[in-house]
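Take a look at the chain below.

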Amino acid sequence: MENQRLLAHSLALYSSTSLPDALRMTHSEAETFFEGKAYADWRKGREQELKLQAAVNDRLNGVIRACGAIVKTVASLGRR
């Protein structure tokens with residue numbers, strides 16, 4: 001019973017199914033969704049979003065490091 005509840009909560013999170021509707025679904029219906037193409041496609045899209053976010057973060061880290069180097073250079077010029 002607990003496994004069915006967890007499956008229903010997952011179904012509500014990852015699909016457009018309301019929690020009450022997900023709770024009324026059979027275990028096999030919910031499993032069919034997670035084994036299907038729609039969920040696989042959603043998961044691939046989500047992985048791509050996460051890769052894109054990681055790339056943006058890497059670029060921002062590079063910009064921050066470059067700004068730090070510029071600050072150090074300007075500071076050393078001011079001490080001369």
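## A loop and its threonine

Where is Thr17 found? Thr17 sits in the loop between α1 and α2. Helices here are DSSP runs of H or I with at least four residues, numbered from the N terminus. Ser15 lies in the loop between α1 and α2 as well.

The side chains of Thr17 and Ser15 are joined by a polar contact of 2.9 Å. A polar contact is a pair of N or O atoms within 3.5 Å; within protein, one must be able to donate a hydrogen and the other to accept it, and residues adjacent in sequence count only if both atoms are side-chain atoms. Ser15 also reaches back to Leu11: a polar atom of the Ser15 side chain lies 2.5 Å from the backbone oxygen of Leu11. Setting aside neighbours within four places in sequence, Thr17 is in contact with Leu11, Ala12 and Ala22. Contact means heavy atoms within 4.5 Å.

## How the model was read

This is a predicted model: local features need pLDDT of at least 70, side-chain atom pairs count only at pLDDT 80 or more, and totals for chains, interfaces and linings use all residues. Residues are numbered from 1 along each chain as its sequence is written, and side-chain values use heavy atoms, with hydrogens and water left out.

pLDDT is the predictor's confidence in each residue, from 0 to 100. The protein chain averages 92, and 100% of the residues score at least 70. Among the elements of the chain, α1 has the lowest mean pLDDT, 90. Helix α4 (residues 37–78) has the highest, 95.

Helix α1 covers residues 2–14, which is 13 residues. From first C-alpha to last, α1 reaches 18 Å, close to the 18 Å expected. The expected span is 1.5 Å times one less than the number of residues.

Which residues of α1 are buried? They are Gln4, Leu7, Ala8 and Leu11. Buried means under 20% relative accessible area, exposed over 50%, and partly exposed in between (1.4 Å probe, protein chains only). Seen down the axis of α1, the buried residues fall within an arc of 100 degrees, so they line one face of the helix. The arc is that of the directions from the helix axis to the C-beta atoms. The face turned away from the buried side carries the exposed residues Glu2, Leu6 and Leu13. What covers the buried residues of α1 includes α2 (19–24) and α3 (27–35).

Ser10 is also in α1. Ser10 is partly exposed, with a relative accessible area of 25%. Ser10 and Ala22 are 12 residues apart in sequence, and their C-alpha atoms are 8.9 Å apart in space.

## The nonpolar core

In soluble globular proteins, nonpolar side chains tend to be buried together. Which residues form the largest nonpolar core here? There are 7: Leu7, Ala8, Leu11, Ala22, Ala30, Phe34 and Tyr39. The elements giving two or more residues to this core are α1 and α3. The largest share, 3 residues, comes from α1. A nonpolar core is a set of buried Ala, Val, Leu, Ile, Met, Phe, Trp, Tyr and Cys residues joined through side-chain atoms within 4.5 Å.

Leu11 is one of the core residues. Beyond its neighbours within four places in sequence, Leu11 is in contact with Thr17, Ala22, Met25, Ala30, Phe33 and Phe34.

## Along helix α4

Val74 lies in helix α4. At 52% relative accessibility, Val74 counts as exposed. Val74 and Gly45 are 29 residues apart along the chain, and 44 Å separates their C-alpha atoms.

Ala55 counts as partly exposed, at 35% relative accessibility. Its C-alpha atom is separated by 26 Å from that of Lys72, 17 residues away along the chain.
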